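Please keep the sequence and the structure in view while reading.

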Amino acid sequence: MNSTKPVAASGAKPQGQSRVRGFFARVPTEAMLVVFLLVVVAYFALNSEYFLGLDNLRNILLAVSVLSVLAFPSTMLIISGNFDLSVASNAAFSGMLFAVVTSGGKENIALGILAALAGGTLIGVLNGSLVTGVRVNSLITTLGTLAIFRGLAKILSNGQTLRVTGFNWMGKAEWFGIPVAIYIMLIVAVVLALVLRNTVYGRNIYAIGDVAVAARLVGIRNNATIFATFLLTGFLGGVAGLMLTSQLTAASPIAGLGLELSVVSAVVLGGASLQGGRGTILGTILGVLILGTVNNGMTLIGLSSSWQEVARGVILILAVAFDQVRITLGG
């Protein structure tokens, strides 16, 4: 009598692959990021006696404050399936608007703040209109506005760095020993996290990023939601520009150059999918902290800025690659 071997059902997954899928399904991305962050912290703590000092930990948070204010709304855009690569140019342009308006004296600071916030918001309006109205792909749109507003920042200043006086409270002043910039970062994080989790608008963002056609069929106003998210991103780009100008006590046309890559790295590293439909503010916070910790640690152990650029590029590639692994294995 011939023995027969059981044949696996069509489409059945190998046991090892099923276990990996189960692991990705059970373990939250944030938990894996916490473990990775702890490993990075332990490595630099062992290699630098100054790393775990309170002053250095505060420096890390201060250094990532501008990046965070840009990355949090960018998380919402990426969840919706869109991008804004103009955020760093927005910050530079908004900061330059502030410097130009306040060049007449300290009495113009309030007007300068309004000008910077209005400038950032108008960039959001432009990006949102081109994406939702003209139907230009968000990646192409914001690559264009990245160049446009970086160029306009140079035109406003004739390519020069403009000094700013009487406006250090937003970047360097402290409340109870903690820089104001860190408070701003935390407030933006909490507000946007609550919006994503507890509002119809936040749920609509996830629905649009998951399946845009299905979201439209159930009555979600896709274009209005995406436009509002670009508007929010533009406004917070203006806030980030003010923070950066305050920290530097100057407005530079090249301020924040390359920061858009760090924004994408932090958001994707934090668990947001480039295909949309997935991501959290908490994950982005962890992604930002990982980037900030790596940059700070490499400086303390004496690595040159060139190697830091290499590391940022590697982290970006790894973050995108890990996103693909999550999609393939996590379902």
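How many cavities of 30 Å³ or more does the structure hold? The structure holds 2 such cavities. The model is predicted: local features need pLDDT of at least 70, side-chain atom pairs count only at pLDDT 80 or more, and totals for chains, interfaces and linings use all residues. Residues are numbered from 1 along each chain as its sequence is written, and side-chain values use heavy atoms, with hydrogens and water left out.

- Cavities and pockets are found on a 1 Å grid over the protein atoms alone: a cavity is a set of points where a 1.4 Å probe fits but cannot get out, and a pocket is an open set with protein on both sides within 12 Å along at least five of seven lines.
- Lining residues have an atom within 4 Å of a point.
- Grid points are joined across faces, edges and corners, and a volume is the space filled by probe spheres set on the points.
- For the linings, Ala, Val, Leu, Ile, Met, Phe, Trp, Tyr, Cys and Pro count as nonpolar, Asp, Glu, Lys and Arg as charged, and the others, Gly among them, as polar.
- Helices (H or I, at least four residues) and strands (E, at least two) are DSSP runs, numbered from the N terminus.

- By class, the lining of the largest cavity comprises 5 nonpolar, 2 polar and 1 charged residues.
- The second largest cavity holds about 30 Å³, and its lining is made up of Ala91, Ala92, Gly95, Met96, Gly241, Leu244, Thr245, Ala250, Ala251, Ser252 and Ala255.
- At least two residues of this second lining come from each of helix H5 (87-101), helix H11 (222-248) and strand E4 (250-251), and H5 has the largest share, with 4 residues.
- The lining of the second largest cavity has 7 nonpolar, 4 polar and no charged residues.

- The largest pocket has about 740 Å³ of space. Among the 25 residues that line the largest pocket, Ala63, Leu259, Ser262, Asn295 and Arg312 are the closest to its centre.
- Helix H3 (54-63), H4, H11, H12, H13 and helix H14 (305-330) each give two or more residues to the lining of the largest pocket, with the largest share, 5 residues, coming from H14.
- The lining of the largest pocket divides into 12 nonpolar, 11 polar and 2 charged residues.
- The second largest pocket has a volume of about 340 Å³. Of its 14 lining residues, Phe36, Leu269, Ile290, Ile315 and Leu318 are the closest to the centre.
- Helix H2 (29-47), H13 and H14 each give two or more residues to the lining of the second largest pocket; H2 gives the most, with 7 residues.
- In the lining of the second largest pocket there are 14 nonpolar residues, no polar and no charged ones.

**Aromatic pairs**

- Rings of Phe, Tyr and Trp (its six-membered ring) pair if their centres lie within 6.5 Å; planes under 30 degrees apart count as stacked, over 60 as edge-to-face and the rest as tilted. The count by this rule is 6 aromatic pairs.
- Tyr43 and Phe44 make an edge-to-face pair, at 5.2 Å centre to centre and 75 degrees between the planes.
- Tyr43 is partly exposed, at 46% relative accessible area, whereas Phe44 is buried, at 6%. Buried means under 20% relative accessible area, exposed over 50%, and partly exposed in between (1.4 Å probe, protein chains only).
- The ring centres of Phe98 and Phe167 are 4.4 Å apart with their planes at 35 degrees, so this pair is tilted.
- Phe98 lies in helix H5 and Phe167 in the loop between strand E1 (162-163) and strand E2 (174-175), so the pair ties together parts that are 69 residues apart in sequence. Both Phe98 and Phe167 are buried.
- One aromatic cluster is formed by Tyr43, Phe44 and Phe51.

**Thr293**

- Thr293 belongs to helix H13 (residues 281-300) and is buried, with a relative accessible area of 5%.
- Leaving aside neighbours within four places in sequence, Thr293 is in contact (heavy atoms within 4.5 Å) with Leu37, Val40, Val41, Phe44, Phe51 and Ile60.
- Between Thr293 and Phe51 there are 242 residues of sequence separation and 9.3 Å in space, C-alpha to C-alpha.
- The Thr293 side chain reaches the backbone oxygen of Leu289 at 2.7 Å.

Technical notes
Polar contact = N/O pair within 3.5 Å; in protein donor to acceptor, adjacent residues only side chain to side chain.
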